[in-house]
Amino acid sequence: MSQSNTGTFTLTDNASGESFELPVIPGSMGPSVIDVRKLYAQTGHFTYDPGFTSTGSCESGLTFIDGDIGMLLHRGYSIEDLAEKSDFMDVAHLLLYGELPTQKQKEKFVHDVTYHTMLHEQLAYFYRGFRRDAHPMAIMCGVVGGLSAFYHDSTDIQDEHQRMVASFRLLAKMPTIAAMAYKYSVGQPFNYPRNDLSYAENFLYMMFAVPAEEYVISPTVARAMDRILILHADHEQNASTSTVRLAGSSGANPFACIAAGVASLWGPAHGGANEAVLKMLEEIGHKDNIPEFIERAKDKDDPFRLMGFGHRVYKNYDPRAKVMQKSCHEVLAELNLDDPLLELAMELEKIALSDPYFVEKKLFPNVDFYSGIVLKALGFPTSMFTVLFAVARTVGWVAQWKEMIEEPGQKIGRPRQLYTGPTQRDYVALEKRS
Ligand code: ACO
């Protein structure tokens, strides 16, 4: 394949000698893409890219990542600035509407979101159908999917108003659903949301308050919670977001699409990694054991991987991991906690980053490496870590889903394949099969 200076690629079929011009579409930042939409019609070939390592699946104006330099921007604003200077409602508005809100817009947005924080009372009975020891992500998959059975008046995706109401509902109800999943697992009564609190404070309140005593929300804890929500709000076309887009491309309602995203996030290679990091650190137990685990991570015959390390896109330090590491120190200092796991994590990071295997493969800590330690300090049990990620990512999923639905000429997502199964053969009757 050769590139011309007129913004096209020429693809030559060496067998027939035929050449095909492929247009190149530039983005506002980052690599341009080779437009292969007409490739099959022109050449009779598909492209082959399992895992989508070189494939742009959509056009998007939400989030930009430069993995080589460790840059993450939402609508042009750096994640470092957003994490330090804004709050989660600002970032949610930015992702959904494209701009940071004015004071007046923010008041309205916060009002609109808080107005939807309660769940249909009937949904509370849903929880009782689950075992008490169910993983809260299993409950999340069920209850989020169940929302479409309760909010029929916001499932018409062609209606702009209904799309907006569904967006508010998902953003507002996700913390309520998540906190109820936790309360159910520990056998405590559900807390109704409190609209006098901020998004992060209300989530903490629903998670940790009990009717027997007053729950005082620490500003440090609320700020740390808010920052975690910001850091996880969106991350371009990752597995769960792509799942939401693919589910939504068929015209499925937004509640069903977000439930699909929750399911995809659950895996340990994606949102389940923060839970896995903490388990790994506990298993390592002591600094002296680090070399043994590093060796296991490098051994091709051992399935063990250093959890919280490596990323499909970042081949440099994940900028969210830097903010998270700082937040980790602040939270532990202000709460007067001394978690030996933080020391262990920092030592593990130091050793891994000086090991040629990790250096050559450009494996750096990702956001999940430190988030588990912060979440533990905030009082979250390990099983809730991925749930929290789902709460934070909901706004990204919804914004990406909305962007796709509002795109002119939007098409159902339908990848093709390289078929390697048997060629056509005659049917064999049961008595003749050997
Ligand atoms: N520990 C040890 N080796 C690793 C690790 C790791 N954490 N991550 C990647 N490698 C190695 C692979 O074995 C592979 O080696 P090879 O080229 O010799 O075969 C090479 O680095 C490239 O890895 P891939 O798996 O091909 O990279 P991919 O982009 O497909 O995977 C992933 C990225 C899934 C994140 C991977 O790095 C991983 O499993 N990390 C641990 C889980 C984790 O932390 N996930 C969180 C991701 S961030 C998020 O979802 C918020």
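The legends below describe several close-up views of one predicted model.

Residues are numbered from 1 along each chain as its sequence is written, and side-chain values use heavy atoms, with hydrogens and water left out. Because the model is predicted, local features need pLDDT of at least 70 and side-chain atom pairs count only at pLDDT 80 or more, while totals for chains, interfaces and linings use all residues.

**View 1. Helices H9 and H18 cross at roughly 70°.**
Helices (H or I, at least four residues) and strands (E, at least two) are DSSP runs, numbered from the N terminus. The axes of H9 (residues 219–231) and H18 (residues 385–405) come within 8 Å. Axes here are lines fitted to C-alpha atoms, for helices over the stretch in contact, and angles run from 0 to 180 degrees between N-to-C directions. The angle makes H9 roughly perpendicular to H18; that label covers 65 to 115 degrees, with under 35 counted as roughly parallel, over 145 as roughly antiparallel and the rest as oblique. The crossing of H9 and H18 is right-handed, which means that the near helix is turned clockwise from the far one by less than a right angle. On the H9 side, Met225, Ile228 and Leu229 meet Leu388, Val391 and Ala392 of H18. The residues of this contact divide into six nonpolar, no polar and no charged. Nonpolar residues are Ala, Val, Leu, Ile, Met, Phe, Trp, Tyr, Cys and Pro; Asp, Glu, Lys and Arg count as charged, and the others, Gly among them, as polar. Contact means heavy atoms within 4.5 Å.

**View 2. Helix H8 is largely enclosed by the rest of the structure.**
Nine of the ten residues of H8 (residues 199–208) are buried. Buried means under 20% relative accessible area, exposed over 50%, and partly exposed in between (1.4 Å probe, protein chains only). Among the buried residues of H8 are Tyr199, Phe203, Leu204 and Tyr205. The cover over the buried residues of H8 includes H3, H4, H7 (160–186), H9 and H18.

A salt bridge is a side-chain nitrogen of Lys or Arg within 4 Å of a carboxyl oxygen of Asp or Glu. By this rule the count comes to 22 salt bridges. Lys85 is exposed at 63% relative accessibility, whereas Asp81 is partly exposed at 36%.

**View 3. Lys106 forms a salt bridge with Asp87.**
The closest N and O atoms of Lys106 and Asp87 are 2.7 Å apart. This pair links distant parts of the chain, 19 residues apart: Lys106 is in H4 (residues 103–114), and Asp87 is in the loop between H2 and H3 (88–97). Lys106 is buried, at 17% relative accessibility, while Asp87 is partly exposed, at 25%. A network of salt bridges links Asp87, Asp90 and Lys106.

**View 4. Asp355 and Lys298 meet in a salt bridge.**
The distance from N to O in this pair is 2.8 Å. Asp355 is buried at 10% relative accessibility, and Lys298 is partly exposed at 25%.

**View 5. Asn316 lies in the loop between helices H13 and H14.**
The loop runs between H13 (290–298) and H14 (319–334). Asn316 is partly exposed, with a relative accessible area of 26%. Leaving aside neighbours within four places in sequence, Asn316 is in contact with Gly67, Asp68, Ile69, Gly70 and Phe364. Asn366 is 50 residues from Asn316 along the chain, and their C-alpha atoms are separated by 9.3 Å.

**View 6. Phe52 and Arg75 each have a positive phi.**
Phe52 is not a glycine, although its phi is about 50°. Phe52 sits in the loop between H1 (39–43) and E5 (63–66) and is exposed, with a relative accessible area of 53%. Arg75, also not a glycine, has a phi of about 50°. Arg75 is in the loop between strands E6 (71–74) and E7 (77–78) and is partly exposed, at 26%.
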